[in-house]
Amino acid sequence: MKKIFYKIVSCLMALLVFVSTLSFAIESHFCRDILVDSSMFGHVKSCAKEEVQKTCSADCSFIKKDCCRNEKLVVNGQDELQLLSIDKISFDQQVFLVSYFYTYINPLVSFDKKIVSFEEYNSPHVVRCLFKIDETYLI
């Protein structure tokens with residue numbers, strides 16, 4: 001039970017470190033406030049922006065406001081992990097931690113070895129079967 005508990009806790013701590021340092025970006029392309037494309041890995045595809053630029057030549061007299069827009073959501077992870085040194089913990093905090101582990105974790109520790117008190121003693125020597133002599137059988 002203790003080994004399983006330690007494995008679960010260590011996997012959860014590794015997952016916590018992974019999630020806290022994870023960073024990613026989500027790119028979205030909107031046309032007239034409608035989501036056209038979104039991408040987590042790579043660039044988004046635009047709807048018709050290239051076609052408008054091809055039809056409009058250099059001698060266009062007006063510039064039309066683009067109805068499309070790209071949004072990029074960036075989630076930055078933690079770059080540096082801060083390790084807590086035992087020297088920075090005060091004596092009162094150390095006493096609290098030791099007493100906490102002693103009272104709450106110590107009862108959870110199970111004994112893997114079964115203690116048998118009569119293992120070193122010999123069993124009594126049976127000379128004859130009493131139930132056979134008295135002819136008493138459990139039915």
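Ile-4 is located in helix α1, which covers residues 2-21. In this predicted model, Ile-4 is exposed, and its relative accessible area is 52%. Ile-4 also belongs to a nonpolar surface patch.

**Nonpolar surface patch**

- The patch consists of Ile-4, Ile-8, Leu-12, Leu-15, Phe-18, Val-19 and Leu-22.
- Together, these residues present about 680 Å² of accessible area.

**Disulfide and other cysteines**

- The model contains one disulfide, and the bond links Cys-31 with Cys-68 at an S to S distance of 2.3 Å.
- Cys-31 is part of strand β1 and Cys-68 is part of strand β3 (residues 68-75), so the pair ties together parts that lie 37 residues apart in sequence.
- Both partners are buried: the relative accessible area is 11% for Cys-31 and 12% for Cys-68.
- Cys-67 takes part in no disulfide, and the nearest cysteine sulfur to Cys-67, that of Cys-68, is 3.9 Å away.
- Cys-67 is partly exposed, with 37% relative accessibility.
- Cys-11, at 54% relative accessibility, is exposed.

- Glu-27 lies in strand β1, which spans residues 24-31.
- Glu-27 is buried and yet forms no salt bridge.
- The nearest side chain of opposite charge to Glu-27 belongs to Lys-72, at 4.2 Å.
- That separation does not count as a salt bridge because the cut-off requires the nitrogen and the carboxyl oxygen to be within 4 Å.
- Beyond its neighbours within four places in sequence, Glu-27 contacts Asp-37, Ser-38, Ser-39, Gly-42, His-43, Val-44, Glu-71 and Lys-72.

- Most residues other than glycine have a negative phi.
- Arg-32 has a positive phi, near 55°, and is placed in the loop between β1 and β2 (34-39).
- Arg-32 is exposed, at 62% relative accessibility.
- Asp-33 likewise has a positive phi, near 60°, and is found in the loop between β1 and β2.
- Asp-33 is exposed, with a relative accessibility of 63%.

Terms used. Residues numbered from 1 in each chain as written. Predicted model: local features only at pLDDT ≥ 70, side-chain atom pairs only at ≥ 80, totals over all residues. Heavy atoms only, no water. Helix = DSSP H or I, 4+ residues; strand = E, 2+ residues; numbered from the N terminus. Buried < 20%, exposed > 50% of the residue type's maximum accessible area, 1.4 Å probe, protein only. Lys, Arg positive; Asp, Glu negative; His and termini not counted. Contact = heavy atoms within 4.5 Å. Patch = residues over 30% accessible without salt bridge, like charges linked within 9 Å, V, L, I, M, F, W, Y side chains within 5 Å. Areas by Shrake-Rupley, 256 points an atom, 1.4 Å probe, with all protein chains shown as cover. Disulfide = S-S within 2.5 Å.
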